[in-house]
Amino acid sequence: SYLDLISDLKSELGGRFEDLVIAMMTPLPEFYAKELHEAISGIGTNEETLIEILCTTSNREIHTIRAAYERKYRSSLEKDLAGDTSGHFRRLLVSLCTGNRDESNMMNPSAAQQDAQCLLRAGELRLGTDESTFNAILCSRSYAQLRVVFEEYHRLTGHELEKAIKNEFSGDIETGLLAIVKSVRNKATFFAERLHDSMAGMGTKDNTLIRIMVTRCEVDMVDIKNAFQAKYGKTLESFISGDTSGDYKKCLIALATP
């Protein structure tokens, strides 16, 4: 079984290269489940990991991840998320965890107008913020429909929805809502930014680097590489080369060249 193979690999390898190879050998639902479990049960919650995974996965992926999580940890992902987070951020994660987003490509301009007006009334046009409206719209509408909502919001206000979110929210809920908007606008750019942040500055956030390289290599790596170069003026490969070494580096470069 793959578990026997992993225990053999562990005895042969070490360090970050071992982490990367094991991540590559683990079926994706199990790998995502492990990453979520570690983000929830580690010392302090790793909110960025929760946001990255839950804000970018499809309904089908969320359902398979939840099933893998329950098999592996004998607990419900929803329950563990609710127990480890609080307030509006908790409600956002639990909403995303249900995997009930509309995934059709149908666009309804009049419904988008209504949603944009609801977002405006829930945020900028009132004292305080009605978080549940942002949560309901951003977690349930299709990506195609949300793009029309964002255009409509811009038409109504003269600025992007992101500006309203930054003004109305703070902390994890702000980061989560912005991640959804960014993911809807351009998922490849969202991941390019996450990769850049994992390697920029002091030290490397290897867990983030490994997770994105392994989970996206057969999905949209070409788009991510193009987005990375467009945003940072350097290739993803050159960034990886400058920040890692040895077999770990070679393997990451191979994943970046699908």
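**Reading helices, contacts and cavities**

Reply: Contact here means heavy atoms within 4.5 Å. The model is predicted, so local features need pLDDT of at least 70 and side-chain atom pairs count only at pLDDT 80 or more, while totals for chains, interfaces and linings use all residues. Residues are numbered from 1 along each chain as its sequence is written, and side-chain values use heavy atoms, with hydrogens and water left out.

Me: In which helix is glutamate 70 found?

Reply: Helices are DSSP runs (H or I, at least four residues), as strands are (E, at least two), and they are numbered from the N terminus. Glutamate 70 belongs to helix α5.

Me: Is glutamate 70 buried, exposed or partly exposed, and why?

Reply: Buried means under 20% relative accessible area, exposed over 50%, and partly exposed in between (1.4 Å probe, protein chains only). Glutamate 70 counts as partly exposed because its relative accessibility is 37%. Arginine 60, also placed in helix α5, is exposed because its relative accessible area is 62%.

Me: Where is arginine 74, and what is its phi?

Reply: Arginine 74 sits in the loop between α5 and α6 (77-84). Its phi is near 50°, a positive value in a residue other than glycine. With a relative accessible area of 71%, arginine 74 is exposed.

Me: Is threonine 56 buried or exposed?

Reply: Threonine 56 is buried, because its relative accessibility is 4%. The residue is placed in the loop between α4 (47-54) and α5 (59-73). Apart from neighbours within four places in sequence, threonine 56 is in contact with Glu61, Tyr143, Ser183, Lys187, Phe190 and Phe191.

Me: How is the crossing of helix α2 and helix α17 described?

Reply: Axes are lines fitted to C-alpha atoms, for helices over the stretch in contact, and angles run from 0 to 180 degrees between N-to-C directions. The axes of α2 (residues 15-25) and α17 (residues 246-255) come within 8 Å and cross at roughly 35°. A crossing is left-handed if the near helix is turned anticlockwise from the far one by less than a right angle, and right-handed if clockwise. The crossing of α2 and α17 is left-handed. Arg16, Phe17, Leu20 and Met24 of α2 meet Asp247, Tyr248, Cys251, Leu252 and Leu255 of α17.

Me: What lines the largest cavity?

Reply: On a 1 Å grid over the protein atoms alone, a cavity is a set of points where a 1.4 Å probe fits but cannot get out; lining residues have an atom within 4 Å of a point. Grid points are joined across faces, edges and corners, and a volume is the space filled by probe spheres set on the points. The largest cavity holds about 80 Å³ of space. It has 13 lining residues, and the closest to its centre are Leu54, Thr57, Ile62, Leu96 and Arg101. Helices α5 and α7 (87-97) each supply at least two residues of this lining, which divides into six nonpolar, six polar and one charged.

Definitions and conventions:
1 Å grid on protein atoms, 1.4 Å probe; cavity = no way out; pocket = protein on both sides within 12 Å on 5 of 7 lines; lining within 4 Å. Nonpolar A, V, L, I, M, F, W, Y, C, P; charged D, E, K, R; others polar.
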